[in-house]
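Keep the model open beside you and try each task before reading its solution.

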Amino acid sequence: MAATWDKRSARQLRSLQDELARNQVRAVAGSSAYWKQRFADIGRAPSSIDSVDALAAVPAVGERDVSPTGDPAAMARLVLQGGERQFALHTSGPKLRRALRLRLTRSAGYRRIVESEIKPTSYVWAGLGFRYPIASTRGDLDAVTRAGARLWRVLGLTEQDALLSAVAVAATPEHTALQLAALAVGAPALFPGEALDAVTAAARLAPPTVLAVPTLTAGEVVRALGAADALGRLTTLLLVGAPTADERAAAVTTLRDADVTTAAVLGVHAPSGARVLWAECRESGGSTGLHTYPDLDIVQVVDADTGEPGPDAGGELVVTQLGLRGSALLRWRTGDLVAAVDTTPCPACSRNVARVVGTARQALVVATGSGRPIDVRTLTGALAGRADVQDWRVVIGGRARDGHGQVVVHLVTSGDPGEVSVAAAADIRAVAGRLPTQLVTTDAESLAELTGTALTRRVLLRR
Ligand SMILES: [Zn+2]
């Protein structure tokens, strides 16, 4: 019997992921306008990507690479345009055999099976610098639903648990994944939206054992429910959006103040572009990272400044979605910075799945004062290749609770400072769609004296 999804040996995992990566690249390269062009541009035959290691050689891309102007319509080029031929080429054995049997009998069931695999039927909206739709087929929704059942187990929940979600009710990956997870396990779930009075009313109607709240608003929701005496059954607080250590500690304190002393605080997270939620396991209490699904995700890390593969410690998280056939995201730059991807079995729950450790969510996209976000990755990409720039730093400052801040670029030039900064500014505007808050030229000494928390080698965060 095949091992369950979280108990495969390292060898089984490698061979499974190599095979799924091969299939995914072939399906994607054959039927998405963007990927067809992309493989031609990088001079790689899709058939040469035959393993997870080979996949790591494909340059990572993000939303600005697919749509340089930030036009959501351009993201449609990621959607697979399948036909029957694509279905036959890229569908797995049992499903294909069942479909072909139905075709022989000219059954309408044949068309249904083909369509469930190739026709985009539903969309969620995501994105960092701009919002864009991500398409799912029926088959994709089935995969997200199965992942939801696993999410529930990782969180240590059962069908007896009752979920109350204070996440906005909208076509987002987070809301959709929570809803499908509860459906998959048959657990009662209420989704009143994010308005505090609606959440409180729902909690009094059906006191939850599990409360899901956006990480940023966890405090106010917990306080409101505590004041309404609606937390008596609570065993689990889910922080939706990978919490920082400070946010986690604040949630624990708020629960304690509300006289809830036994509930676990666990993070769940869908990186930008993802359709499934990853969870921290209950056994770890949140200390061993987000547990991924080896048959749905390949998680890798790139240098956040350049997008190049393979820094030793930490970098930007890059995701390849396996088996999903609506919008196809290969080597997708998520904008999340992570400390590491750990592929050893979880020391707490012993699941053998890759774990994403130390996530700083969406750290590389900053909403500036005007409210319009700036994608730091495009900015660093524009600076990294310039011969007339010796060295540089990007300082993100004043980033408050709402994420707004300033982005200041410091340049050490090797030519006339005025000319170089004008040229660099023009490049940045061309690829990022806008200018940083400020661009200053300086010397190597002053550059070395800039202070802040190092988000990447050259991007500093100053509170
Ligand atoms: Zn674990």
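Axes here are lines fitted to C-alpha atoms, for helices over the stretch in contact, and angles run from 0 to 180 degrees between N-to-C directions. Helices (H or I, at least four residues) and strands (E, at least two) are DSSP runs, numbered from the N terminus. This is a predicted model, in which local features need pLDDT of at least 70, side-chain atom pairs count only at pLDDT 80 or more, and totals for chains, interfaces and linings use all residues. Residues are numbered from 1 along each chain as its sequence is written.

**Exercise 1. Describe how helix H13 packs against helix H14, and say how buried H13 is.**

Step 1: find the geometry. The axes of H13 (residues 376-384) and H14 (residues 417-432) come within 9 Å and cross at roughly 140°.

Step 2: classify the angle. Angles under 35 degrees count as roughly parallel, over 145 as roughly antiparallel, 65 to 115 as roughly perpendicular and the rest as oblique. H13 and H14 are therefore oblique to each other.

Step 3: A crossing is left-handed if the near helix is turned anticlockwise from the far one by less than a right angle, and right-handed if clockwise. For H13 and H14 the crossing is right-handed.

Step 4: list the contact. Two residues are in contact if their C-beta atoms, placed from the backbone, lie within 7 Å. From H13 come Thr-378, Leu-379, Gly-381, Ala-382 and Leu-383, which meet Ala-424, Asp-427, Ile-428, Val-431 and Ala-432 of H14.

Step 5: sort by class. Ala, Val, Leu, Ile, Met, Phe, Trp, Tyr, Cys and Pro count as nonpolar, Asp, Glu, Lys and Arg as charged, and the others, Gly among them, as polar. The contact of H13 with H14 has seven nonpolar, two polar and one charged residues.

Step 6: check burial. A residue is buried if 20 or more other C-beta atoms lie within 10 Å of its own, exposed if 12 or fewer, and partly exposed in between, with C-beta atoms placed from the backbone. Eight of the nine residues of H13 are buried, so H13 is largely enclosed by the rest of the structure. The buried residues are Val-376, Arg-377, Thr-378, Leu-379, Thr-380, Gly-381, Ala-382 and Leu-383.

**Exercise 2. Check the span of helix H9 and find what covers its buried residues.**

Step 1: do the length check. The expected span of a helix is 1.5 Å times one less than its number of residues. For the 13 residues of H9 (residues 173-185) this should be 18 Å, and the end C-alpha atoms are 18 Å apart, which agrees.

Step 2: pick out the buried residues. Among them are Pro-173, Leu-178, Leu-180 and Val-185.

Step 3: look around H9. The cover includes helix H8 (138-154) and strands S1 (120-126), S3 (163-165), S4 (189-190), S5 (210-214) and S6 (236-240).

Step 4: see what follows. Gly-186 comes after H9 and has a positive phi, near 75°.

**Exercise 3. Is Ser-350 buried or exposed, and is Gln-362 buried or partly exposed?**

Step 1: Ser-350 sits in the loop between strand S13 (340-342) and strand S14 (355-357), and its phi is positive, near 65°, although Ser-350 is not a glycine.

Step 2: count around Ser-350. With 11 other C-beta atoms within 10 Å, Ser-350 is exposed.

Step 3: Gln-362 lies in the loop between S14 and strand S15 (365-368), with a positive phi of about 45°. Gln-362 has 19 other C-beta atoms within 10 Å and is partly exposed.
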